[in-house]
Amino acid sequence: MNYNIKNILVVCCLLIVAMGCSEDTIDNFDQGTLTGIVVAEGTNLALENVKISTNPNTSTVFTNEDGEFIIEEISVGQYSVQAEIDGFLTAFEAAEIQSGSTVNVVFELDVETANNRPPNTPILINPTNNENNVPLNTTLVWTGSDPDDDDISYTVELRNSFDDEILSFSTVNDTMVNVSGLRFGLKYFWQVGAEDDINDEISQSEVGVFETIPFPENRYVFTRKIEGNNVIFSTDTDGNELMLTSLTSNSFRPRQNNIDDKIAFLSNSGSETHIFIMDKDGSNKTQITSQVPVNGFKLDEVDFTWTQNGERLIYPSFDRLFSININGEGLQQVYETTDGSFVTEVVISEDESIMALKTNNINGYDVSIFTIDTSTGTILNNVLSGVDGAAGGLDISVDNQSVLYWYDVSGFESANYRQLNSRIFLFDRNTNTAVDLSDDKINGTNDYDCRFTPNEAQVIFTNTSNDGISQKNILITDTEPNDVGFERILFIENGKMIDFE
């Protein structure tokens, strides 16, 4: 090979090498870098381990603990960048890579449930809107659903038109709730709210309106012992009973006043016994006495009385008798025994001219039943005294001529105040004589806690076995015998302390 040919070959090789080096430089210059950060929508908290990929496809990377990522040496061009992680909606951002430059993108990821919809609006079914005579124990019914089939939590709220009482109930996926303890004759407004565990939004139904049944004409009130506590009930002649006081408190000796439409009763307040009043449906309970409690030798035997106009209550506390206004004011002493004996029972006549009292010693015996002039305290009649045994159960006829009481004719006395043969008597103030109304009483039982019925043709009272532990029942008998004697009618089973006005 001659010299010229050699030179030509060398030059050609150098040109090839030079051309190769020039192409590498151009390729490197036609690339760029993609950076970015991924955070949670709303909180801007950095999201770690988010998968970052592109279309057209390049490297796949994951965000660091600060939510940042970087993809280097990406060829220039238009890219769709994708951010993907469990629990969040996948997001896309556009990026244009330019030669030798860095492009930054920011992802704000919504939680996976961001497109979830709240429950549909509940529709009220029962009671129907503006329904009347709804029972006090009723079932509220509605319809509801969720467009994403999520579990639904329902909240039911009831308000009434009388006071600020609010009743609330909750269910999960159940579109009904049983409601008890509604009050007589009130208009109730109810609404159902629905929510799932995903949305903060609560779907509220329209407000429904219904009215409960009116208060029944229950003329009788009595006491029944349940789980160790005395509980007050009212009832009508058909035996439709209504519980007026709680099972958790000891409430007894109900006394009605029809002028005030109130019931007074005894109940515990701390370690003391006081007089309370309530409406005839059991609402608006208010303590009346406070300074001087009701007291005596045996609180179950203590009785008090209304004045007929409903303005005052007269009650005993050991050897004294007190009067108090029904607003809790005007407390005054109206009588005190001269021998220190306890006043256990008191009743005032309809015209308030006379009172009948029962006094006894600390054990309940050495009984005296007598009438006094209300204004002077002068004794008018000695109804019963100087006898052994227990007695009580006072009432005065409307004409002031008769006093009703019971007395254990056996004369038995014991530490537990047991009676063996208590009978009801009607005392005539004109003749100072008494008629036995318990002639047809079953042997081995006691009649006691007697009251006139409003027409005074009958007496209503408690009867029980003289064993001292058997069930007590309330009976009615006539004040005068018929062809078969004094007919006795069972009125209320398992009851005592009857009052009928």
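In this predicted model, the side chain of asparagine 230 makes a polar contact with the side chain of lysine 496, at 3.1 Å. Asparagine 230 belongs to strand β18, which covers residues 229-235. Its relative accessibility is 3%, and because buried means under 20%, asparagine 230 counts as buried.

Leaving aside residues up to four places away in sequence, asparagine 230 touches Thr223, Arg224 and Lys225, then Ser249, Asn250, Ser251 and Phe252, and also Asp300 and Lys496. Aspartate 146 lies 84 residues from asparagine 230 along the chain, and the C-alpha atoms of the two are separated by 49 Å.

Rolling a probe the size of a water molecule over the atoms shows where empty space is left. The count comes to 1 cavity of 30 Å³ or more. About 60 Å³ of space lies in the largest cavity. Its lining is made up of Arg253, Arg255, Asp303, Glu345, Gly393, Leu394, Asp449, Cys450, Arg451, Met497 and Ile498.

Of the elements, β36 gives the most, with 3 residues. Sorted by class, the lining of the largest cavity has 6 charged, 4 nonpolar and 1 polar residues.

Conventions. Residues numbered from 1 in each chain as written. Predicted model: local features only at pLDDT ≥ 70, side-chain atom pairs only at ≥ 80, totals over all residues. Heavy atoms only, no water. 1 Å grid on protein atoms, 1.4 Å probe; cavity = no way out; pocket = protein on both sides within 12 Å on 5 of 7 lines; lining within 4 Å. Points joined across faces, edges and corners; volume = space filled by probe spheres on them. Helix = DSSP H or I, 4+ residues; strand = E, 2+ residues; numbered from the N terminus. Nonpolar A, V, L, I, M, F, W, Y, C, P; charged D, E, K, R; others polar. Buried < 20%, exposed > 50% of the residue type's maximum accessible area, 1.4 Å probe, protein only. Contact = heavy atoms within 4.5 Å. Polar contact = N/O pair within 3.5 Å; in protein donor to acceptor, adjacent residues only side chain to side chain.
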